Amino acid sequence: MNSLERVFATVRGEPVDIRAFSLVLSLYGSRLTGCPLSSYFTEPEKYLAGQKAVVDLVDPDILCTPFALPLEAKAFGCTLKHFKNAPPNVIRPACKGLSDLSALLAPDMAHDPGLQYLIESTRLMAREFGSHKIIAAVLTAPVDLPALLVSIAEWIEALLFNSEIRDELLRRTGEHFVSLASALLEAGASYVITPAVFTNPHFLTPQMVREHIFPPLYKAFSLVPGPIVFHHGGSPLGVHLEMFKELPNVIGYVLDYRDSFAEARDIIGDVPVLLGNLSSPHLPALSPEDAYERTKKILVERAADPRFIFCTCGPDVPLSTSPETVKAVGRAVRDFVEEKP
Amino acid sequence: MNDDILTFRANLIDLIVEARRDQAVAVLKTVGEIRGLSYAVHEVLEPVLIEIGERWANDKLSLAQGYVAGKVAEDILLKMVKDSPCPERKRKGPVVLGNIEDDYHALGRKMVGIFLAAAGWEVVDLGNDVLPSLFVDKAEELGARIIAVSAMMLTTAENIALVREELNRRGLSGRIQLAVGGAVINYRPELVDSLGGDGTCSNAIQAPALFDILWARSLVFEKEAS
């Protein structure tokens, strides 16, 4: 089986030769090619070279498009800064406050350099790998993007105390989400993966999520012309899945390292794919042997689940992670001989 | 315990949990009109913040509810300052606070500042993207015994170790305590030691208790050193 066949079989719940797996190695490609991040996250060819190096290193079944969510915020007028060891980030929101929404630009999908970089990187990756690997396009959730556009504090302020501004921001980010998701799928992405922070009751109350977050998220997801993977966004998601299992077009859920797959499966049912849950931020501290054992432990635990894909969870794998540790994860997957139930 | 006070506290918790900021502040003002704002803060707000902080630390409350608690504390603190420009109680501090170099995630830092100020600490907030040497310069200039450094991501948190290096280089470790915090440190608590931190807490409401400990530790260190 090639990666494409392996992942498709997993989605259908059919047998596979080895467990499908991935690590989120968007950033890590720059380490492997020695490319400065200011070039890596602006030049699609450099990004592709990094992902080729990722394939050479560990050959995952799923590759990620650039995990650089603030590039979307830049298209709305935010100011970004490039760093030596991390993706670009917002250092100045597009608006000075909730009364300044007129400062928000309308993203220009055809000409904005950041959005064009995301789309072109996806196109190059699809051309290079699309015939045999899965390309996951990383995209900011419409309920999270306002936190970049107006700052986290102002977004919470709007969610709590200003329904008019909240709805206006969600309308704009929802439209952008659908447009960019459509463009990335058109460019060859296999699916869209969306880390969602402000959907989690760790950030908002379940009532707030149900009343104010779920409806616009549902609407945006329903308009995306392709499959979506819902990512935990940094907080445990499993016990809250009941709320999100009705979201349209979602084929899988990435769980946090603190989540229980068994509990999540009980809630979500047999069909959606569950992904996770080796913690990325913990990887730099793991020896190759530790990483191997942790990977194996997760594989053993999920051995009877046909719709499970092993992957890292949390953010991108840190640059300070040893390549030997990354390779050990891939080796553990390939060494693992599943005991058939 | 006076039943009225218990009722006020229970009512205040409910209002904060339900994100009814204005009504929560109104409760405190009502208590303030009857018994004085200082009483409202010490006997009603502070115990409520401790309860909210514990629930938050145990994932029983959300960031948004913690934010509401911060806003209520900020509102009542501003009213106290306005009504009584000369503080009724002894101020603590000063302490220096900021996001480490390359970190621009201000919310956690601002909330820590609010809760420290509400607890009587004089906070000098250096803002985002603060160089390690600037933290130490400012602490030396002000005579601060605590530097509090926030970072959200692992990549920026790694810069906190440079603050420890600077403290060591100037022979100030021990006298100046290094408080560290932020999402990645909650996620990986072992980072406190590896970055050279002297302590952390899992949310902003618990910062005043941590700072009391660190301040006392600094005094003990200085006494033993002399």
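Let's start with a pair of residues in chain A: A:A136 has A:Y191 as its bridge partner in strand β6. Strand β6 covers residues 191-195 of chain A, and β5(A) pairs with it in the parallel sense over three bridges. Before I go on, please keep in mind that this is a predicted model.

So what sits on the other side of this pairing? Strand β2 of chain A, residues 62-64, is also joined to β5(A), again by three bridges and again running parallel. If you want to find that place on the screen, look for A:L63, whose bridge partner in β5(A) is A:I135.

Now, how many of the residues of β5(A) are buried? Five of its five residues, 134-138, are buried, and the strand is mostly covered. You can see this on both faces: A:I134, A:A136 and A:V138 are buried on one side, and A:I135 and A:A137 are buried on the other.

Four of its five residues are buried, so β8(A) is largely enclosed by the rest of the structure. Strand β7 of chain A, residues 228-231, pairs with β8(A) in the parallel sense, and four bridges hold that pairing. There, A:I228 stands opposite A:V250. β8(A) is also joined to strand β9 of chain A, residues 273-279, by three bridges, and these two run parallel. For that one, find A:V254, which stands opposite A:L275 in β9(A).

A quick reminder for anyone new to strands: they pair in a sheet through backbone hydrogen bonds, either parallel or antiparallel.

Over to chain B. Here four strands form an open sheet with parallel pairing, and the order is β2-β1-β3-β4. Which strands are at the edges? They are β2, residues 121-125, and β4, residues 177-181, each of which pairs on one side only. On average, neighbouring strands of this sheet are turned by 25° against each other, direction ignored.

Within that sheet, have a look at strand β3 of chain B, residues 146-150, which pairs with β4(B) in the parallel sense over five bridges. B:I147 stands opposite B:L178 in β4(B). Lying across β3 and β4 of chain B is helix α8, residues 160-169, and this helix runs at about 180° to β4(B).

Next, two helices of chain B: α2, residues 21-35, and α4, residues 63-83. They pack at an angle of about 45°, and their axes are 9 Å apart. That angle makes α2(B) oblique to α4(B). The crossing of α2(B) past α4(B) is right-handed. Which residues meet there? From α2(B) we have B:R21, B:A24, B:V25 and B:L28, and from α4(B) we have B:V68, B:K71, B:V72, B:D75 and B:I76. Sorted by class, this contact has six nonpolar residues, three charged ones and no polar ones.

Finally, let's see where the two chains touch. The contact takes 21 residues from chain A and 19 residues from chain B. On the chain B side, at least two residues each come from α4, α5 (107-118), α7 (154-157) and α9 (183-187).

Note on methods:
Residues are numbered from 1 along each chain as its sequence is written. Chains are lettered from A and ligands numbered from 1 in the order in which they are written. This is a predicted model: local features need pLDDT of at least 70, side-chain atom pairs count only at pLDDT 80 or more; totals for chains, interfaces and linings use all residues. Axes are lines fitted to C-alpha atoms, for helices over the stretch in contact, and angles run from 0 to 180 degrees between N-to-C directions. Angles under 35 degrees count as roughly parallel, over 145 as roughly antiparallel, 65 to 115 as roughly perpendicular and the rest as oblique. A crossing is left-handed if the near helix is turned anticlockwise from the far one by less than a right angle, and right-handed if clockwise. Two residues are in contact if their C-beta atoms, placed from the backbone, lie within 7 Å. Ala, Val, Leu, Ile, Met, Phe, Trp, Tyr, Cys and Pro count as nonpolar, Asp, Glu, Lys and Arg as charged, and the others, Gly among them, as polar. A residue is buried if 20 or more other C-beta atoms lie within 10 Å of its own, exposed if 12 or fewer, and partly exposed in between; C-beta atoms are placed from the backbone. Two strands pair if DSSP finds at least two bridges between them.
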